[in-house]
Amino acid sequence: PFTKFQTLHELPRRSDEKKETMYQSFDPKRKVIFISHVWFEPSLVPETAHPDFTDKGQTKGRKGEKLALIKEGVNLLLSDNTANPTGCKAKDVDIWLDFGCIDQDDPTKQAAGVGSLLAYVLQCEWILIPGAGPLLPGELTVDKVPGIDENEEKMYGARGWTRLESMGAFMCSVLRRQHQPPIYNIYRKKGVDGEYVF
């Protein structure tokens, strides 16, 4: 639930027993926001990989940046009349985030979760992309959304999974006869502390 997510100080790991109350099954009466993102600290060693900055090495001073982006992005999405025409409230919204919803420690469960990503996307009302910056004018395609930074190799759309998630949301919007796909990007303006753009 987003109301619990708002109280967190770090992104929850699925196996963290202290945060067990964060997890629940999909409820058709609730709206779900799927967080589609690149991991800010990727690693081939699962124990050291993390979706957010953890204040190590070159990312010192950026701990919790993605968590802040997600919280602000959800609040902006819910307050936007175009994105949220029915006026859905925070208390009725759940967050789907791979790190918190897919087991990160059991390889079999992790593979099953990853294999189900598209099914999760199809059950969600919105896709929120916490990114590094705005799309450039004229580049309104998912492969041009900045991920960790403006480095081409770290672009959100450089990864097959992120493209698949966005494509799934687009196909859902076509089947639901929506005017536009419910895909939103949130980023913080460079050099402006605390100012977010949705």
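**Exercise 1.** Classify lysine 91 by accessibility and identify its salt-bridge partner.

*Solution.* Lysine 91 counts as exposed, because its relative accessibility is 55%; the classes are buried under 20% relative accessible area, exposed over 50% and partly exposed in between (1.4 Å probe, protein chains only). Its side chain meets that of aspartate 92 in a salt bridge (3.4 Å, N to O), a term that requires a side-chain nitrogen of Lys or Arg within 4 Å of a carboxyl oxygen of Asp or Glu. Aspartate 92 is partly exposed, because its relative accessibility is 28%.

The model is predicted: local features need pLDDT of at least 70, side-chain atom pairs count only at pLDDT 80 or more, and totals for chains, interfaces and linings use all residues. Residues are numbered from 1 along each chain as its sequence is written, and side-chain values use heavy atoms, with hydrogens and water left out.

**Exercise 2.** Determine which parts the salt bridge between aspartate 94 and arginine 30 ties together.

*Solution.* The closest N and O atoms of aspartate 94 and arginine 30 are 2.8 Å apart. Aspartate 94 lies in strand 2 (residues 93–96) and arginine 30 in the loop between helix 1 (2–5) and strand 1 (31–35), so the pair joins parts 64 residues apart in sequence. Here helices (H or I, at least four residues) and strands (E, at least two) are DSSP runs, numbered from the N terminus. Aspartate 94 counts as buried, because its relative accessibility is 6%.

**Exercise 3.** State where threonine 162 lies and whether it is buried or exposed.

*Solution.* Threonine 162 lies in helix 6. At 3% relative accessibility, threonine 162 is buried.
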